[in-house]
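Please describe how this protein chain is built, from its overall composition down to individual packing contacts.

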Amino acid sequence: MALRMSQMLRSSKQVRNVRSAATGAESAIGMASAVKQPEPDVVPENLTAAAVEEAVISAGPQVAANSEVYEELVEIAGQVLAAAEAGTAPVEGAVIHILRSSVSKLGEDEGLLADAMRRRDQARDTPNRMAHQAILAMRLGLELNYDERRSLAVGLCALMHDLGMIKVPKDVVESNGKLNDKQLKQLRQHPVDSQRIVESFGPAFAWIGKIAVQVHERQDGSGYPRGLRGEQIHEIARIIGVIDTYLAMAQPRADRPALVTYNALKEIIDLRRAFFDPRLIKALIHVVSIFPLGSLVKLNNGEIGRVIGTSRLH
């Protein structure tokens, strides 16, 4: 969870230059790309066709503007959160509809991602944070050449993976100091609660729980709640784990300001061998770049410009 992530991360070594570190991450891909064991695919084959008619009826005409897509995703995230708190279920069609719109936008250009990055100060609000994580996770999935079905699965899991945090006592969530053993145990229970909540939404969402419970597992087995390692962790859970950690560092907290993209990437790269799949780190670097989308930069001629996209050709 973003509020307590720094306590669970190991202290990182200083890296002189994030670009040279990124090169190191890419070179590590060859060493880390041993033959992958096939993982059970829990993602439904008919996911892209799920409740399409209901979605069209309930969600209205297709939205075009990136800001409207983002705001609708935040609204749906709020409905999912409210359903979790009330013990009811969100409307499957409405959730699928907005995530399909988001995947479509992300596949066109970087506009939706840039819009989300510009709003990162809003992400301390839970629905905004859920939307933010879903957008960045889906964009990372597209970077890995995921098709629409797989990208939708990433978005659904990212949107719902932390719902169990509603069961964590408020004093633990809002604590700025080091957690004691009891508090840490309460915090580390939330992935199991996330699975239970998502499964309680009904059969259409039950498969998400099997992935959500693994998001806080780590490559070296140091994660929680089950201490899974490497290929025991579903790839979608590994994607969301990287995104969750990056956004935890990039978001402001009560006890520290947000880390700039440079420093957040530097820490992620430093943790790659123990915590994360190097292939996912490489993809994250391509997506967020050194100059994040939406940021202002001073050009050589003295003019100020806004980053609207990145290119691997330069």
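## Overall composition

The secondary structure of the protein chain amounts to 16 helices and two strands, where helices (H or I, at least four residues) and strands (E, at least two) are DSSP runs numbered from the N terminus. This is a predicted model, in which local features need pLDDT of at least 70 and side-chain atom pairs count only at pLDDT 80 or more, while totals for chains, interfaces and linings use all residues. Residues are numbered from 1 along each chain as its sequence is written, and side-chain values use heavy atoms, with hydrogens and water left out.

Of the 314 residues, 55% count as buried, that is, under 20% relative accessible area with a 1.4 Å probe and protein chains only. Among contacts (heavy atoms within 4.5 Å) with a separation of 6 or more, 72% are accounted for by residues 24 or more positions apart.

## Cores

A nonpolar core is a set of buried Ala, Val, Leu, Ile, Met, Phe, Trp, Tyr and Cys residues joined through side-chain atoms within 4.5 Å. The largest such core has 75 residues, of which M160 and L163 touch the most other members. Not counting residues up to four places away in sequence, M160 touches V80, V95, S194, V198, F201, F205 and I208.

## Helix α11 against helix α12

Helices α11 and α12 pack at an angle of about 170 degrees with their axes 7 Å apart, the axes being lines fitted to C-alpha atoms over the stretch in contact, and angles running from 0 to 180 degrees between N-to-C directions. That angle makes α11 roughly antiparallel to α12, a term that applies over 145 degrees. The residues that make this contact are listed by helix below.

| Helix | Residues in the contact |
|---|---|
| α11 | P191, Q195, V198 and E199 |
| α12 | F205, A206, I208, G209, K210 and A212 |

## Helix α6 and its cover

Seven of the eight residues of helix α6 (residues 111-118) are buried, so this helix is largely enclosed by the rest of the structure. The buried residues are G111, L112, L113, A114, D115, A116 and M117, and their cover includes α4 (66-86), α5 (92-108), α7 (126-143) and α16. Within helix α16 (residues 278-288) is found V288, which is buried with a relative accessible area of 3%. V288 and L140 are 148 residues apart in sequence and 9.5 Å apart in space, C-alpha to C-alpha.

How values were computed:
Angles under 35 degrees count as roughly parallel, over 145 as roughly antiparallel, 65 to 115 as roughly perpendicular and the rest as oblique. Buried means under 20% relative accessible area, exposed over 50%, partly exposed in between (1.4 Å probe, protein chains only).
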